[in-house]
Amino acid sequence: MAFMNSSSPHQRQRRTTSQIMVMVILCLIPGVFLQSYFFGIGNLLQITLASVVALGSEALILKLRKRPVLRSLKDGSALLTGLLIAVSIPPLSPWWIVVIGTAFAVIFVKQLYGGLGQNLFNPAMAAYVVLLISFPVQMTSWIPVQSLHPFSLTFMDQLSAFLSGFTLDGYTVAQLSVSIDGLTMATPLDTARNALHSGFTITEMLNSAEFKASSAQAIQWVNVGFLFGGLILLYKRIIQWYIPAAFLAGLVSFSFIAFAYNPDLNISPLFHIFSGATMLGAFFILTDPVTAATTVKGRIFYGLLVALIVVIIRNIGGYPDAVAFAVLLGNMCVPLIDYYTQPKVYGGRA
Amino acid sequence: MTTQPINLLSEEQLAQISSGKQWTFHGGVHPQENKIQSSGSAICDAGIPEFLVIGIEHKGHSPEMLVKVGDPVLKGQALTKVYGAMVVQHASSSGIVHAIEKRTDLHPSGLPVLSVVIKTDGLDRSIAYNKPDNFRDAPSVTLIETIQHAGIVGLGGAGFPSHLKLSHSDGIKLLIINAAECEPYITADDRLMQEHAQEIFQGIEVLEHILQPKLIVIAVEDNKPQAVEALQLALQKMHLTLRAELIIRTIPTLYPSGSEKQLIEIITGRQTPLGKHPTELGIVMQNVGTVFAVKEAVVDGKPLTSRIVTLTGDALRKKGNASVRIGTPIQYLLDKYQLNSETAQKLIIGGPMMGFSISHGDIPVTKTCNCILAPTVQEIPAPSAEMSCIRCGECAHACPASLLPQQLLWYSQSKDHDKLDDYNLSACIECGACAFVCPSNIPLVEYYRVAKAEINTAEQEAKKAETARIRHKNREARLEQAKIDRQAKHKQAAEKRKQQLKEKNGGEDLIAAALARAKAKKADSAAGENSEQADTPKSAAAAAVARAKAKKAALAEAASESSATGTADKPKNDAVAAAVARAKAKKAAQAQQDSQSDVAEETQLDPKKAAVAAAIARAKAKKAAQAQQDSQSDIAEETQVDPKKAAVAAAVARAKAKKAAAQQNSETAEPEEAPSDPKKAAVAAAVAKAKAKKAASANADQPDNSAVTAAREKRKEQARLHKQEKQQLANEAVKNSLDTALDKNSTAAEDRKAKIAAAVAKAKARQTAQKDQ
């Protein structure tokens, strides 16, 4: 009888790319849950729409590129991209924001470069940056945590705001961003930056009514949620520790240097690591294997580099959060980093 | 393979090793072991198949045979002589040599190799093994030779001839016995250690005697506790006379710890430098199965005729280890171990990590076949579709050689050989760890194998081109040198001749003298004959003719008693006639010269065209000859009685000659027959001659043989033309390339050539006629 021929190794580890993607998606759940707990189910609406758009645009482009559609959709990478965009944008931003962002990420950042594994930039972060620059108002309209809402928002209110920009009672999202005491809401990082720009010290800022009314605590909790998910990824060996560890360590060290130099004008390391997209970035964005460095030394260097850029932009720059910009800048350096951090081959010279 | 002392293991390192320190290598994977299926049952004899197929060819080299078809052979009988570094192959059972032919080899390529097919008689009679005396008294060279003659190669799977590993025994510090057996499923070494621990130690003693190491380490993975136990037990029982220290080292189970380089790193913490052998570090490694074979060869005098093969996989109803005669068809073993043909999907030779698949069972077991794995689809599913690399870096994490597999993948796909070299593709041991962990199912190792083969081919081609270039350069230089030498030689010879002549003539230069004489003479003649300014003999002849004409004219003039004006005119007339004659002679000479240079020119041009020209020339010549004959027959008519007969004879001769010529012409197309052509022509000529003679003798009273002469002349003419044609044909191949270049000019040249040829022929004919007259 004739037997089948195949090349060695015949035995394989049973973990596929799809499984990795699914695991990453599952590990996002704690963070996403806390986000919707504090900010309402707006983010779930965003996630739903982003998933549909991501899969749809991926399928469309694969069809145009004459690639196997179903097999590529199954790898889950498009879904993950959509998800990451959805959790990055304000929960009640209008629907077209997420549509534009996701379509841009999948079509322009990923597929136009050749699809999975070929893109130079992290699709979610590139899309985030495009949205932030194009629609700054919508992208910075973070509503206060639900407990501080002057109005209680029902599911239908949020759905309506998501779809039409107005709640059922006719309030705009901008109006919703105004908290009880009539102060405009912003993210903690935003508040800090504004305070510093207006000549306050960090201590004054932390004690201000504005800051207390901000969603600082909620965002810290969301970060904890993402940290938890990230630890599961590490435990499951879906990601390796080099990048998150280097990034967080870098963030702490670099911000500490600035903080130690002038604690009045620089936010503390602790504030850094539990604000904004720090944990989401450390475990879910920076570790995107396609756009990160691949060597061990390279990954550590990449994590440190992104951390440095984040600290610089947060402390000095003009944007509220810096992870997206820092990741894109880091992505650009990846080929260079990889080239200069090749490991010593067995029996080779160091 | 010079051993540099700088790389050798130091005493401190040896002390560290013996103190129990262990190191680890980068990467590695943990595939499912699947060893219990076959490790439980004892080694049994696989039996004697009807036919044994023993491959004797290696990489295209075939050693000299010691048997021929029909010879009876006994088990252990050598089939081949020692050939280079190749080991001797032996009959693995008794029977007769059934055939010596090409059979499929147990190799991924599936190529056929020259094999000896033995039809067994089932008696398994063996030759009388001559047990050598105590090997400790024998020099190591003799033992190494014994090992080569016993046909021992590395039985771990690579099949490297063992005697080669042992022959660089200077400064060996450490002997490692590789019993790691890290490939899943395989338990051949495990069972061997459990059952033949004592023999293994005897084999180690032999190797110790050959290599004289300071330390011996037996490395066993910790998933074989029974084997370790058996070894320790045997070690206690044995009265070893080893001078070196012997350690049984249990190493953690991690694929590929059984790879030579990785095991060296585990045991010593050192890495074999890239492109070097472990002897560089003072290390020799032998597989435990090889050690057993060495014991059998050196202590018992038995050559290697069988090996232990693990038969496993869920598609086999029976599983276990068997002592299999080399050359046993795999199908025989599959039948014996009850292959379930419904669940069997593929046959893997070796383990699932590095083994290769074969497409049918009609292939013999070789010395490197340590496992036959017949997995079901559930056990080892078919490889799923390859997806895009997501650069996860798992491969780099798993690589035991610390390579960057994904970079290697890109450059393999883009065939960037320089980059592949930069990223050290050659350091890849093809263990398959990268492909094992790849979540995108990329068959990385396959890409590397292809890339390696491509690089190999490219290198060979480059080498070939380089050799050709050097050869060409050398040839040019040689030719140039030869030319210079020749010139020098000629010059020397000329000098010598000159010198000799000078000596002979008492120091006078004869040539110079002769030249001087000739000059003087010329000056004289120039002075003497003013009217004769021509320099060639032909023009001289023409001048003579002119002179004669002038004389005649003068005579005529004298006879007719011309007037004063007539006499005044006479010298003028004479001068004109002389000038005309001179011009004619010059022209003729030029024509001849042209025709001569034309021969050379013609050979460079299209032979077909030349042939046409020649044909025209021939026709002209014929015509000329005919005309001449006619004139001759005219003369004959005037003087002789029977001119008609002579004319007939001439015609017959002409026809014959023509026929002969035609024959020759038709045969020139075949170069092989060319040499026979002159012969035929000669025969034809002879025949013609004879005919002509006959014709001549028929008119006995006619002494004129002008017809015969004419025929002969014509044949000569034809033969000459034919010869020319043949020369052209011979040059044809070389000139073909020139043809295209010359094509443009050829039409113009052709016309001219034909004309010239015709002129030549005409001139020749005229000459002949003149001669005849």
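**View 1. Helix α2(A) gives the most to a nonpolar surface patch, with 3 residues.** The model shown is predicted. The patch is made of A:Val22, A:Leu26, A:Ile29, A:Phe33 and A:Tyr37. Together these residues have about 530 Å² of accessible area. Two helices of chain A, α1 (17–27) and α2 (29–39), each supply at least two residues of the patch. A:Phe33 sits in helix α2 of chain A. The relative accessibility of A:Phe33 is 54%, so this residue counts as exposed.

**View 2. Helix α2(A) also has buried residues.** These are A:Gly31, A:Val32, A:Leu34, A:Gln35, A:Ser36, A:Phe38 and A:Phe39. Which helices do they pack against? The partners are α3 (42–64), α5 (77–88), α9 (155–164) and α14 (216–235) of chain A. A:Gly40 follows α2(A) and has a positive phi, near 90°.

**View 3. Chain A and chain B share an interface that buries about 4,600 Å².** Carbon and sulfur atoms give 51% of that area. In chain A, the residues that lose the most area to chain B are A:Phe3, A:Gln11 and A:Tyr346. Together they account for 21% of what the chain A side buries. On the contact count, 42 residues of chain A touch 73 residues of chain B. How many salt bridges cross this interface? The rule finds 1. A:Asp338 pairs with B:Arg391, and the closest N and O atoms are 3.7 Å apart.

**View 4. Four strands of chain B make an open antiparallel sheet.** The strand order is β2-β5-β4-β3. The edges are β2 (51–55) and β3 (72–73) of chain B, each pairing on one side only. Strand β2(B) runs antiparallel to β5 (residues 112–120) of chain B, with 5 bridges between them. B:Leu52 stands opposite B:Ile118, a residue of β5(B).

**View 5. A salt bridge joins B:Lys119 to B:Glu50.** The N to O distance is 3.6 Å. B:Lys119 belongs to strand β5 of chain B, while B:Glu50 is in the loop between β1 (44–45) and β2 of chain B. The pair therefore ties together parts that are 69 residues apart in sequence. B:Lys119 has a relative accessible area of 32%, so it is partly exposed.

**View 6. B:Glu101 and B:Arg103 meet in a salt bridge through their side chains.** Here the N to O distance is 2.7 Å. B:Glu101 is partly exposed because its relative accessibility is 32%. B:Arg103 also counts as partly exposed, at 27% relative accessibility.

View 7. B:Arg449 has a relative accessible area of 27% and is partly exposed. B:Glu446 counts as partly exposed at 30% relative accessibility. Elsewhere in chain B, salt bridges with shared partners link B:Asp45, B:Lys75, B:Asp124 and B:Arg325 into one network. Over all chains, the rule counts 20 salt bridges.

**View 8. Helix α14 (residues 444–504) of chain B includes B:Ala494.** B:Ala494 is partly exposed because its relative accessibility is 32%. B:Ile470 and B:Asp45 are 57 Å apart, C-alpha to C-alpha, and 425 residues apart in sequence.

**View 9. Chain B as a whole has 21 helices and 14 strands.** Of its 773 residues, 45% are buried. Chain B exposes about 39,500 Å², and carbon and sulfur atoms supply 54% of that area. Contacts were also sorted by separation in sequence. Among those in chain B between residues at least 6 apart, 75% join residues at least 24 apart.

Notes. Residues are numbered from 1 along each chain as its sequence is written. Chains are lettered from A and ligands numbered from 1 in the order in which they are written. This is a predicted model: local features need pLDDT of at least 70, side-chain atom pairs count only at pLDDT 80 or more; totals for chains, interfaces and linings use all residues. Side-chain values use heavy atoms; hydrogens and water are left out. Patches are made of residues with over 30% relative accessible area and no salt bridge: like charges are joined within 9 Å, nonpolar side chains (Val, Leu, Ile, Met, Phe, Trp, Tyr) within 5 Å. Accessible areas come from the Shrake-Rupley method with a 1.4 Å probe; for residues, only the protein chains shown count as cover. A salt bridge is a side-chain nitrogen of Lys or Arg within 4 Å of a carboxyl oxygen of Asp or Glu. Buried means under 20% relative accessible area, exposed over 50%, partly exposed in between (1.4 Å probe, protein chains only). Two strands pair if DSSP finds at least two bridges between them. Contact means heavy atoms within 4.5 Å. Buried area is the accessible area (1.4 Å probe) that two parts lose on being put together, summed over both.
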